[in-house]
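Thanks for passing this one along.

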Amino acid sequence: MDYLKIVKDNCIKCGLCTDNCPFLSKYSINLLDFTKREDLAYSCFLCNKCSNVCPKDLNGKYISLAFRQNTPKYKLVKLTKESYPFRNLPKRKGKSSDLLYLGCNFPTFYPETSKTLIDLFKDKGFDFSIDCCKNPVKSSGYKDTPSKLLEDQIKNLDIDRIVTACPNCYHQMKKKYDAQIISIFEWLEEYNYIKDINHECNVFYPCSDRYNREIFEVIKRHAPKYQDKFKSTNCCGAGGLASKEEREIADGMTKSIKNDEIYTYCATCSMRFSKYNKVHHFVSVFLGIDEEVNTDYLKNALKAKFFK
Ligand code: SF4
Ligand code: SF4
């Protein structure tokens, strides 16, 4: 059913969504009002916070995505992410039952950790891929079709499992392909590569995993003293490309955590929060590297393109 109609039929105008979202409160609207504001399609951070507080489980993300499909925007995002210029595809000919899928952001912000992961996979006889999962294409309102290139790789390399380093790739690719999608944490746990964190750590959950915590289920087994300190921050500010329309709100979200120590599992969240905080990425910490986020984007992207 049309999602806008679902909101119209179910919203009881309690205002909880407005109270919990800087975008909705800026325009003094609730999700029912949002269904009449197609002009605000690109102002939503797609962060899912509203659905977590709404007594009717309504979600502004789906209103925004429905509007965006009517008015696709940011053609450059579509062009560069659909055909990612720093792509580095598997080279091998024979079977790779597991494929390390690094995505596009993780290898640029965490080059050393990425190289270590590639080596671990190589040791087990598996290949890797650096490419975009096309989540930004969907956020720009363009049709979200499976990647033909990845479908070919699954067939040619006889891939059983795609192992994602990025939570957005995991949630974007899940159930779309003829291979099982697992997170890097499942894989590292399976091969006993995780060095546990035995001290307290404050976790910032990336939007795609914040409320269902599918990926975090594995992480928490290896960071048993984790704390949920950053509940009031909806997003790192990069969500849903909304920072282009709502720069002030996005900056406010990033600055809402300052002079703190953050553990997270999204490279983009790491990059945003590292401006004001000490940030640790769980993958890097679990491997005993604890690499600082590296913002030399172009240099790292080029290096990733030519990793062998
Ligand atoms: S929280 Fe849900 S029910 Fe309440 S106003 Fe928002 S959309 Fe409507
Ligand atoms: S998804 Fe996030 S930004 Fe969008 S309406 Fe809901 S709470 Fe606000």
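**Notes on the predicted model**

1. Leaving out residues up to four places away in sequence, Asn202 is in contact (heavy atoms within 4.5 Å) with Gln227, Lys229, Phe230, Asp260, Glu261, Ile262 and Tyr263. Asn202 sits in strand β5, residues 201-204. Its relative accessibility is 18%, so Asn202 counts as buried; buried means under 20% relative accessible area, with a 1.4 Å probe and protein chains only.

2. A word on conventions. This is a predicted model, in which local features need pLDDT of at least 70 and side-chain atom pairs pLDDT 80 or more, while totals for chains, interfaces and linings use all residues. Residues are numbered from 1 along each chain as its sequence is written, chains are lettered from A and ligands numbered from 1 in the order written, and side-chain values use heavy atoms, without hydrogens or water.

3. On the overall fold, the chain has 18 helices and eight strands, taken as DSSP runs (helices H or I, at least four residues; strands E, at least two). The radius of gyration is 19 Å, close to the 19 Å from the globule rule for 308 residues, so the chain is as compact as a globular protein of that length. Both values refer to C-alpha atoms and a rule of 2.2 Å times the number of residues to the power 0.38.

4. Of the 308 residues in the chain, 56% are buried. Among contacts between residues at least 6 apart in sequence, 71% join residues at least 24 apart.

Terms used. Buried means under 20% relative accessible area, exposed over 50%, partly exposed in between (1.4 Å probe, protein chains only).
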